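Have the structure open while you read.

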Amino acid sequence: MADGRDLKTRFSGPSESPGLLLWRTTMRWQRVMTAALAPLDLTHVQFVLLASAMWLGRNGEPPNQVQLAAQAGTEVKMTSDVVARLEAKGLIAREADPRDSRAKVIRVTPAGAAAAQRAIVAVETADAAFFEPVDEAQLDGLLQLLAGDIR
């Protein structure tokens, strides 16, 4: 029976593993986001897709589902499923893309815009409290580096 004594790792314990620390931080942050969004009847992924649709459509050019998934970093199929739930809530509308009959464009409804704005305030407030102990500029740079974002 393996008891872990023969475990080969460069760390003396799990609390030294950057991956585990990132996992635990992510799980804690997700619980904070869930709590912030619950009163608004939005899941975190619903919020991300709704806010991303608003962001992408801000110049009057609504995104299609593939563009929305790329912006949010989500899978296209999952994005489609979540967008259907947002549509059922009346927060977005899907329409045929005039440039590609196989694609759907996403338009945020007035109710969706209002919900997104309330959610943005809730999320930004929760983020500010969560990340308050760390320097914002350093955190932003580190997260961009870890996410593979190059600006």
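Let's start with a pair of neighbours: helix 3 and helix 4 are roughly perpendicular to each other, because their axes cross at roughly 105 degrees and angles from 65 to 115 degrees count as roughly perpendicular. Keep in mind that this is a predicted model. Two packed helices are described by the angle between their axes and the distance between the axes, and you'll meet both below.

**Helix 3 with helix 4**
- Helix 4 covers residues 76–88, and its axis comes within 9 Å of the axis of helix 3.
- On the helix 3 side, the contact uses Q65, V66, L68 and A69, while helix 4 brings V76, T79, S80 and V83.
- Sort those residues by class and you get five nonpolar, three polar and no charged ones.

**Helix 2 with helix 3**
- Helix 2 runs over residues 44–56 and helix 3 over residues 65–72; they pack at about 110 degrees, with axes 9 Å apart.
- That angle makes helix 2 roughly perpendicular to helix 3.
- The crossing of these two is right-handed.
- From helix 2, the residues in the contact are V48, L49, S52, A53, W55 and L56; from helix 3, they are Q67, L68, Q71 and A72.
- This contact has seven nonpolar residues, three polar ones and no charged ones.

**Helix 2 with helix 5**
- Helix 2 also packs with helix 5, at an angle of about 115 degrees and with the axes 10 Å apart.
- Here the crossing is left-handed.
- Helix 2 puts in F47, L50 and M54, and helix 5 answers with G112, A113, A115, A116, A119, I120 and V123.
- By class, that's nine nonpolar residues, one polar and no charged.

**The largest pocket**
- Now for some open space: the largest pocket has a volume of about 1800 Å³.
- It is lined by 34 residues, and the closest to its centre are W29, D127, F131, D140 and L143.
- Which elements give two or more residues to the lining? They are helix 1 (18–37), helix 2, helix 3, helix 5 (110–131) and helix 6 (136–147).
- The lining divides into 21 nonpolar, seven polar and six charged residues.

**Worth a second look**

How values were computed:
Residues numbered from 1 in each chain as written. Predicted model: local features only at pLDDT ≥ 70, side-chain atom pairs only at ≥ 80, totals over all residues. Heavy atoms only, no water. Axes fitted to C-alpha atoms, helices over the stretch in contact; angles between N-to-C directions. Helix = DSSP H or I, 4+ residues; strand = E, 2+ residues; numbered from the N terminus. Parallel < 35°, antiparallel > 145°, perpendicular 65-115°, else oblique. Left-handed = near helix turned anticlockwise from the far one by under 90°. Contact = heavy atoms within 4.5 Å. Nonpolar A, V, L, I, M, F, W, Y, C, P; charged D, E, K, R; others polar. 1 Å grid on protein atoms, 1.4 Å probe; cavity = no way out; pocket = protein on both sides within 12 Å on 5 of 7 lines; lining within 4 Å. Points joined across faces, edges and corners; volume = space filled by probe spheres on them.
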